[in-house]
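These are my notebook entries on a structure that was new to me. I set down what I looked up, entry by entry.

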Amino acid sequence: MPTKFKSFEHLLKPDPRFKSREIGKFINSLMWEGKKSLAQRIFYDAMDIVCKKIKDKDPVEIFKTALNNVKPQVEVRSKRVGGATYQVPVQVPGRRQTSLAFRWIINATRGKKGRAMHLKLADELMAAYKGEGDAIKKRDDVHKMAEANKAFAHLAH
């Protein structure tokens, strides 16, 4: 029987410019068809734009604040009890919070059409930093769903 899967997170290298593992992970999530250098260029161009628009703030700090604003605290999980399926609100583990935030920011960026990717990413990161935008709307929808179903919270184990 195979041993339990252990993540490759310890092998993840920090990004070359900011030396941050979290940014390295975000760039890997942004990457399409193995084109890492393109993903890095998109991210760094977006961060340059963000730095020009939001002065006197560290770019890594802006990114982390935007990410923390998007991270969900609770989400709903389906749970079968008898013949019925309930949407049960549960706390979101830290790693999943981060991966959901990455996914929502990137999907919100890709959802906008007609402009260069680095411009759309810069706009989405600035919107998330200010507490607005599509990624924040997605987080609010998840929180509303959990709030609406908190009557079933006792089913969570």
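I began with K19, which lies in the segment before α1; helices here are DSSP runs of H or I with at least four residues, strands are runs of E with at least two, and both are numbered from the N terminus. The model is a predicted one, in which local features need pLDDT of at least 70 and side-chain atom pairs count only at pLDDT 80 or more, while totals for chains, interfaces and linings use all residues. Residues are numbered from 1 along each chain as its sequence is written, and side-chain values use heavy atoms, with hydrogens and water left out.

I found phi of K19 near 55 degrees, a positive value in a residue other than glycine. K19 counts as exposed because its relative accessibility is 60%; buried means under 20% relative accessible area, exposed over 50%, and partly exposed in between, with a 1.4 Å probe and protein chains only.

I then turned to D56, in the loop between α2 and α3. Phi of D56 is also positive, near 50 degrees, in a residue other than glycine. At 78% relative accessibility, D56 counts as exposed.

I asked which residues of α1 are buried. In this helix, residues 21–30, they are I23, G24, F26, I27 and L30. Seen down the axis of α1, these buried residues fall within an arc of 160 degrees, so they line one face of the helix; the arc is taken from the directions from the helix axis to the C-beta atoms. They pack against α2 (36–53), α3 (59–70), α4 (94–111) and α5 (117–130).

At the N-terminal end of α1 I noted S20 as a cap, with a side-chain oxygen 3.3 Å from the backbone nitrogen of E22.

In soluble globular proteins, nonpolar side chains tend to be buried together.

Not counting residues up to four places away in sequence, F43 touches F18, I23, F26, I27, L30, F63, L121 and L125.

I returned to the segment before α1, where E9 lies. At 32% relative accessibility, E9 counts as partly exposed. Not counting residues up to four places away in sequence, E9 touches R21, K25 and R95. The side chains of E9 and K25 are joined by a polar contact of 2.5 Å.

R95 lies in helix α4 and is exposed, with a relative accessible area of 53%. Leaving aside neighbours within four places in sequence, I found R95 in contact with S7 and E9. A polar contact of 3.2 Å joins the side chains of R95 and S7; the term covers a pair of N or O atoms within 3.5 Å, where within protein one must be able to donate a hydrogen and the other to accept it, and residues adjacent in sequence count only if both atoms are side-chain atoms.

Definitions and conventions. Contact means heavy atoms within 4.5 Å.
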